[in-house]
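Biologist: I am new to this model and would like to learn how to read it. Could you walk me through it step by step?

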Amino acid sequence: MRRCLASWGLGLLAAAIGTAAVALAGLSAPALFGSLLGGMTYALFAPRHLTLPTMPGPAATLAQGMVGVSIGAYVDAATAAELAAHGGPILAVCGATVAAS
């Protein structure tokens, strides 16, 4: 149990460092991109992998919805217009990503 908590602590520390680095660089959405970078760094270089608890279906759906709303809060009208203008290639890449996984 202690190793599990230590692994999660290191993962959270990596996310916090990534967030701080992105914020210091002046890039947008530091919590989103910094956590992504920190998490990828942890996944590539950590000696132990994190174990995830199983979640019941409704809890997992709620968690995914909360992530979607958080990401959607960063999108403004100009960004939405650009996404709509380039919808075909975006959907193709999303489809290829789903197919590859």
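**Reading the chain, step by step**

Modeller: Let's start with burial: of the 101 residues of the protein chain, 11% count as buried. Buried means under 20% relative accessible area, exposed over 50%, and partly exposed in between (1.4 Å probe, protein chains only). Please keep in mind that this is a predicted model, where local features need pLDDT of at least 70, side-chain atom pairs count only at pLDDT 80 or more, and totals for chains, interfaces and linings use all residues. Residues are numbered from 1 along each chain as its sequence is written, and side-chain values use heavy atoms, with hydrogens and water left out.

Biologist: Thanks! How many helices and strands does the secondary structure come to?

Modeller: Helices (H or I, at least four residues) and strands (E, at least two) are DSSP runs, numbered from the N terminus. Here the protein chain has 5 helices and 0 strands, in the pattern α-α-α-α-α along the sequence. The chain is more spread out than a compact globule, because its radius of gyration is 17 Å, well over the 13 Å that the globule rule gives for 101 residues. That radius is taken over C-alpha atoms, and the rule is 2.2 Å times the number of residues to the power 0.38. The C-alpha atoms fill a box of roughly 50 × 35 × 25 Å along the principal axes.

Biologist: Which residues of α2 are buried?

Modeller: For a helix, the expected span is 1.5 Å times one less than its number of residues. Helix α2 (residues 30-45) has 16 residues and reaches 22 Å from its first C-alpha to its last, close to the 22 Å expected. Its buried residues are G34, G38 and Y42. They lie on the same side of α2, because they cover an arc of only 70 degrees around the axis; the arc is that of the directions from the helix axis to the C-beta atoms.

Biologist: What do those buried residues of α2 pack against?

Modeller: They pack against α1 (2-24). Contact means heavy atoms within 4.5 Å.

Biologist: And where is A29?

Modeller: A29 sits in the loop between α1 and α2. Its phi is near 50 degrees, a positive value in a residue other than glycine. A29 is buried, with a relative accessible area of 10%.

Biologist: Is A23 buried, exposed or partly exposed?

Modeller: A23, in helix α1, counts as partly exposed at 46% relative accessibility.
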